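Colleague: Let's go through this model by question and answer. Keep it brisk.

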Amino acid sequence: MRYNLVRKMDISNGPGVRVSVFMQGCTFHCKNCFNPETWDFKGGKEFTDDTIKGVLELCDKDYIKGLSILGGEPMHPTNIDGTTKLAKAFKEKYPKKDIWVWSGFNFEKDLKDKEVLKYIDVLVDGQYVDELHDPTLKWRGSSNQRVIDIKESLKNNKTVLLVK
Ligand code: SF4
């Protein structure tokens with residue numbers, strides 16, 4: 001699998017100052033996607049154990065609140081193993097920091113049983129729908145997308161939204 005970019009200080013994707021990893025490859029091709037250069041699965045750079053090591057090193061600062069994983073599509077079958085490995089390694093090293101993930105897939109239908117959810121704190125799910133774009137929304141581009149508290153959702157066996 002491949003990734004597009006690692007941002008070492010990101011204040012736009014999730015709360016606080018974060019490290020962000022943009023995975024490479026997405027088949028959804030949403031109209032007016034914010035990041036179409038991430039669509040091609042052959043673009044970007046190879047995602048390796050060294051990439052994970054480098055990301056973990058960047059996170060080793062008190063002012064880094066957490067890790068954000070975006071795309072591209074982190075949960076596409078091509079990418080989900082790498083996303084899982086990164087999320088697991090991050091949580092083992094930084095149990096008090098949080099992980100936010102953005103995915104075009106649906107939490108209940110596509111992702112609920114995936115191992116990766118064990119390591120994720122917040123999932124913003126659903127494809128971007130240009131007709132539902134709303135610039136006042138926090139952490140998401142269109143009103144169909146949901147900011148889901150994954151820990152609470154798994155604990156209560158129902159979908160719990162972090163932002164209503
Ligand atoms: S799911 Fe995300 S990365 Fe993929 S096309 Fe839609 S907005 Fe772009």
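Modeller: Valine 124 belongs to strand 6, residues 122-125. Keep in mind that this is a predicted model.

Colleague: Is valine 124 buried or exposed?

Modeller: The cut-off for buried is under 20% relative accessible area. Valine 124 has a relative accessible area of 2%, so this residue is buried.

Colleague: What separates the C-alpha atoms of valine 124 and alanine 89?

Modeller: Along the chain, valine 124 and alanine 89 are 35 residues apart.

Colleague: Where is tyrosine 119, and how far in space is its C-alpha from that of isoleucine 150?

Modeller: Tyrosine 119 lies in the loop between helix 3 (107-111) and strand 6. Its relative accessibility is 11%, so tyrosine 119 counts as buried. Isoleucine 150 is 31 residues apart from tyrosine 119 in sequence. C-alpha to C-alpha, the two are apart by 9.1 Å.

Colleague: On to the rings. Which kind of pair do tyrosine 3 and phenylalanine 47 form?

Modeller: The structure holds five aromatic pairs. In the pair of tyrosine 3 and phenylalanine 47, the ring centres are 6.0 Å apart. Planes over 60 degrees apart count as edge-to-face. Here the planes are at 75 degrees, so the pair is edge-to-face.

Colleague: Which parts of the chain does the pair of tyrosine 3 and phenylalanine 47 link, and how many residues apart are they?

Modeller: Tyrosine 3 is in strand 1 (residues 2-10). Phenylalanine 47 is in the loop between strand 3 (45-46) and helix 1 (49-58). Both residues are buried. The pair links distant parts of the chain, with a spacing of 44 residues.

Colleague: Which kind of pair do phenylalanine 90 and tyrosine 94 form?

Modeller: Phenylalanine 90 is buried at 0% relative accessibility, and tyrosine 94 is buried at 8%. Their ring centres are 5.3 Å apart. With the planes at 50 degrees, between the cut-offs of 30 and 60, the pair is tilted.

Colleague: Which residue has its charged end over the ring of tyrosine 94?

Modeller: The charged end is 5.1 Å from the centre of the tyrosine 94 ring. That residue is lysine 97.

Methods:
Residues numbered from 1 in each chain as written. Predicted model: local features only at pLDDT ≥ 70, side-chain atom pairs only at ≥ 80, totals over all residues. Heavy atoms only, no water. Phe/Tyr/Trp six-rings, centres within 6.5 Å; stacked < 30°, edge-to-face > 60°. Helix = DSSP H or I, 4+ residues; strand = E, 2+ residues; numbered from the N terminus. Buried < 20%, exposed > 50% of the residue type's maximum accessible area, 1.4 Å probe, protein only. Lys NZ or Arg CZ within 6 Å of the ring centre and 35° of its normal.
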